[in-house]
Amino acid sequence: GLDYTVAHYGILTKEAVLDATLCFVKDGNNAWESGDVGGFECYIAADDEDDEAAAAADEYDEEDDTELLSVAASNNTLSLVYRDPGTMRFVKYVGCRAPSSRWDISMEYQLPPDDEDDGNDNDDDDNNEQGMDGMDS
């Protein structure tokens, strides 16, 4: 097989999301941590290209500078990753030398949009602190 996975613009996020992935693998000889057997979850930034035909043929390249995060497979591990808009997520092809298959339970949570900071947050905190100081024990 080929030693790459296709990352295409169909998996590009348009809104911020929280990825929750529970991973199950058979641990073995630090093979998963090295990344040599694949199976890691990878987050990359999308290129600013308008040519969709070229974008669909993009390949993951270890030398590419668009990689933002790489999470190695590990048994019974939950990873939580906040994914910004314009970020792609995929799992690298699991090679034949991997100690086992990879099983995931994955969820994607939609997050509410960020509100502009209007400076009122500090007033609320001050009021709560004053209320706590005046409480009888």
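This note goes through a predicted model, from its overall make-up to single residues.

1. Basis. The model is predicted; local features need pLDDT of at least 70, side-chain atom pairs count only at pLDDT 80 or more, and totals for chains, interfaces and linings use all residues. Residues are numbered from 1 along each chain as its sequence is written, and side-chain values use heavy atoms, with hydrogens and water left out.

2. Confidence. The mean pLDDT of the protein is 75, where pLDDT is the predictor's confidence in each residue, from 0 to 100. A value of 70 or more is reached by 62% of the residues. Where pLDDT is low, the predicted coordinates should not be read in detail.

3. Elements. The protein has three helices and six strands. Both kinds are DSSP runs numbered from the N terminus: helices are H or I with at least four residues, strands are E with at least two. Read from the N terminus, the order is β-α-β-α-β-β-β-β-α.

4. Totals. Of the 137 residues, 26% count as buried. Buried means under 20% relative accessible area and exposed over 50%, with partly exposed in between (1.4 Å probe, protein chains only). The accessible surface comes to about 9,600 Å², and carbon and sulfur atoms hold 46% of it; such areas come from the Shrake-Rupley method with a 1.4 Å probe, and for residues only the protein chains shown count as cover. Of the contacts with a separation of 6 or more, 87% are between residues 24 or more positions apart.

5. Sheet 4-1-6. Three strands form an open sheet in the order 4-1-6, with antiparallel pairing; two strands pair if DSSP finds at least two bridges between them. Strand 4 (77-83) and strand 6 (103-110) are at the edges with a single partner strand each, so one side of each has no neighbour in the sheet. From one strand to the next, the twist averages 15 degrees; axes are lines fitted to C-alpha atoms, for helices over the stretch in contact, and angles run from 0 to 180 degrees between N-to-C directions. Strand 1 (residues 17-24) and strand 4 run antiparallel and are joined by seven bridges. Cysteine 23 is opposite threonine 77 of strand 4.

6. Sheet 3-2-5. Another open sheet of three strands has the order 3-2-5, and its pairing is antiparallel. Strand 3 and strand 5 are at the edges, each with a single partner strand, so one side of each lacks a neighbour in the sheet. Neighbouring strands here are turned by 15 degrees against each other on average, direction ignored. Strand 2 (residues 41-45) is joined to strand 3 (residues 67-71) by four bridges, and it pairs with strand 5 (residues 87-91) over five bridges. Cysteine 42 has serine 70 as its bridge partner in strand 3 and phenylalanine 90 in strand 5. The partner of tyrosine 43 in strand 3 is leucine 69. Four of the five residues of strand 2 are buried.

7. Glutamate 41. This residue is found in strand 2. Glutamate 41 counts as buried because its relative accessibility is 1%. Its side chain is joined to that of threonine 21 by a polar contact of 3.1 Å. A polar contact is a pair of N or O atoms within 3.5 Å; within protein, one must be able to donate a hydrogen and the other to accept it, and residues adjacent in sequence count only if both atoms are side-chain atoms. Not counting residues up to four places away in sequence, glutamate 41 touches several residues, including Ser79, Arg89 and Arg102.

8. Valine 81. This residue lies in strand 4 and counts as buried at 10% relative accessibility. Beyond four places in sequence, valine 81 touches Val17, Leu18, Asp19, Tyr43 and Leu69. Valine 81 and tyrosine 43 are 38 residues apart along the chain, with 9.3 Å between their C-alpha atoms.

9. Glutamine 110. Glutamine 110, in strand 6, counts as exposed at 51% relative accessibility. Leaving aside neighbours within four places in sequence, glutamine 110 is in contact with Glu15, Ala16 and Val17. The C-alpha atoms of glutamine 110 and glutamate 15 are separated by 7.8 Å, with the two residues 95 apart along the chain.

Note on methods:
Contact = heavy atoms within 4.5 Å.
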